[in-house]
Amino acid sequence: MNGFLAIYRREVLSLWVTPLAWVLLTVFLLLQGAIFYSIITHFASMAEVSVDTGPVQAYFGQESIFLLMTLLLVCPALSMRVFAEERRSGTIESLLTAPVTAASVVLGKYAALLTTYALIWLPTLLYVVILRKTGVVDWGVVASSYLGLMGIGAAYLSLGTLMSAMTKSQLVALLLTIFLEFGLFILGVGEYIFDPGVFRDVCAHVSMMGQMEDFSKGILDLRRVVFDGTVTALGLFVTTRVVDSWRWG
Amino acid sequence: MIEVSGLTKDYGTVVAVRDLSFSVGKGEIVGFLGPNGAGKSTTLRVLAGFLGATTGRVRIAGHDIAEAPLAARRALGYMPESAPLYPEMRVAEYLLFRARLKEVPGTKQKAAIGGAMDRAGVRHMAGTVIGHLSKGYRQRVALADALVSDPPLLILDEPTAGLDPNQIREVRALIKDLAGDRTVLLSTHILSEVEATCERAIVIDRGRLVAEGTIEELRARQNSSVVSVRVRDPKANAETAISGISGLSLRSVDADGADAGRRTLHVVLNPEIDTEAATEMLVRALTEAGIGIHALIPEQASLEQVFSELTAHEKATARISEPGSVR
């Protein structure tokens, strides 16, 4: 537990004293701002709006493809250096000869990534605050939407951590993660392509867009939570095994 | 403090360390010697718990590193080769991180960091970003890191590599200063370092133990002895006089400069012949050739010579027995 906390604190510090987190934050907020702005202008030009669709639902739900595309860029970039850099610079040797378990190392680093991911999303709460000035905002929907985003981020960052542990090159880690996560994303698009059947059901089940559409309506589908949790746990478990395996390399 | 028995470490087809056994007692300062690529770093990495042994057992402070890895790692401070550090952190920040990681209790952390910085001489750099430090200071920060939890055992991989002569002297003094109740195992390929700091040395080559003992014992292991002879030899016929005798060979000749006739001969006595008999033969040969002998001084074997003999011999046998498994 000591080891976990020490590593967590160091990783958060390291992410925010180097430019990486700030660059990602800037790019992310620029993209989100553009998406949100276009959604708002779209709704402003509409004559009437039904109860179930509003800017919040559109941003997190129907139009979530834009938001997810930015995540496909931000999450792999956030996680790429987490192990690759330690192995390239050799600091992994000091880290693993300290009295810490591989699990504390992996979880400490992962928790720091997840915290940073949450911090990057934090400023977007302002969008909701702005909307509240002109209309009614359903805070339950806002909460479930952010929960959905955290679920997707947790899964993406877990896969990114695993990919970063697989290579000493940050670039290779970045590309592998984008490849993997884009594959997962495309699989979800299958929901709209395939005929009804088992395969379409699988696609619908793993679809990140589907997840955001459900969560943005306030539907907390346990299956989706279980899916995110499974991907996250599997990624972290395999990463722990990979870290352990370095002793035998 | 350290017990190694039958340690073998291979990287796939390459054997880095082969059936290595040695032990280091409490309070000893031991030099771990070998030419580059001998398997020093690999062995130290296994001892520090960074790499797993392929076969064999290692016990650190009584804890088996395979069965109780955390307890073993808690007992040691390890300084890896080339001192890897996080460049974005400040020195004090880094040491605080390391102290937390090594389970230094919260109330003692400040004192532990201060003490480690004082010992390694980096106190005045506490607020500097590590990335801005020179190589010498980084090395010292890594040393402070090894000291921060005040472990009973220090494993230092080439602690003086890349330092200037003043810094080397300081680090050596520090290591000697640390001795007492602390055990230190340090690797190096520089022999004078072992002579300067260690009581005992372990010599490995090609992953195998070739010698172990105190510095004096190692010196005594030298096979051939050398005598230097100061002579008056105006006709310079010492070479021919000595080359005629089996059991003697001339290693080098120093001219004494001002007087061309005065020279110093360094003669190697073949170990198969009794030293006394060989010396008599040498004196007789020189006198018969009309050379005047001024002085006859047995040269003290330097560790340098012993080392090159030990490792050169080992190289030859390794090449014959296992040509494919040389790292």
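1. The domain assignment of chain B, whose bounds come from an automatic or database source, gives domain 1 (2-220) and domain 2 (225-298). The C-alpha centres of domain 1 of chain B and domain 2 of chain B are 45 Å apart. The model is a predicted one, in which local features need pLDDT of at least 70, side-chain atom pairs count only at pLDDT 80 or more, and totals for chains, interfaces and linings use all residues. Residues are numbered from 1 along each chain as its sequence is written, while chains are lettered from A and ligands numbered from 1 in the order in which they are written.

2. Along the principal axes, the C-alpha atoms of chain B fill a box of roughly 80 × 45 × 30 Å. The secondary structure of chain B comprises 11 helices and 14 strands, these being DSSP runs (helices H or I, at least four residues; strands E, at least two) numbered from the N terminus.

3. Of the 327 residues of chain B, 39% are buried (20 or more other C-beta atoms within 10 Å of the residue's own, with C-beta atoms placed from the backbone). Among contacts in chain B with a separation of 6 or more, 70% join residues 24 or more positions apart; a contact requires C-beta atoms, placed from the backbone, within 7 Å.

4. For chain A, the mean pLDDT (the predictor's confidence in each residue, from 0 to 100) is 90, and 97% of residues reach 70 or more.

5. Helix α2 (residues 19-44) of chain A and helix α4 (residues 64-79) of chain A have axes that come within 10 Å and cross at roughly 180°. The axes are lines fitted to C-alpha atoms over the stretch in contact, with angles from 0 to 180 degrees between N-to-C directions. The pair α2(A) and α4(A) is therefore roughly antiparallel (angles over 145 degrees).

6. On the α2(A) side of this contact are Leu24(A), Phe28(A), Leu31(A), Gln32(A) and Ile35(A), which meet Phe66(A), Leu67(A), Thr70(A), Val74(A), Ala77(A) and Leu78(A) of α4(A). By class, the contact has 9 nonpolar, 2 polar and no charged residues (nonpolar: Ala, Val, Leu, Ile, Met, Phe, Trp, Tyr, Cys and Pro; charged: Asp, Glu, Lys and Arg; polar: the others, Gly among them).

7. The contact between the chains takes 19 residues from chain A and 21 residues from chain B. On the side of chain A that touches chain B, α1 (2-17) and α6 (91-96) of chain A are the elements that give two or more residues. The largest share of that side, 6 residues, comes from α1(A). By class, the side of chain A that touches chain B has 7 nonpolar, 9 polar and 3 charged residues.

Terms used
Angles under 35 degrees count as roughly parallel, over 145 as roughly antiparallel, 65 to 115 as roughly perpendicular and the rest as oblique. Two residues are in contact if their C-beta atoms, placed from the backbone, lie within 7 Å. A residue is buried if 20 or more other C-beta atoms lie within 10 Å of its own, exposed if 12 or fewer, and partly exposed in between; C-beta atoms are placed from the backbone.
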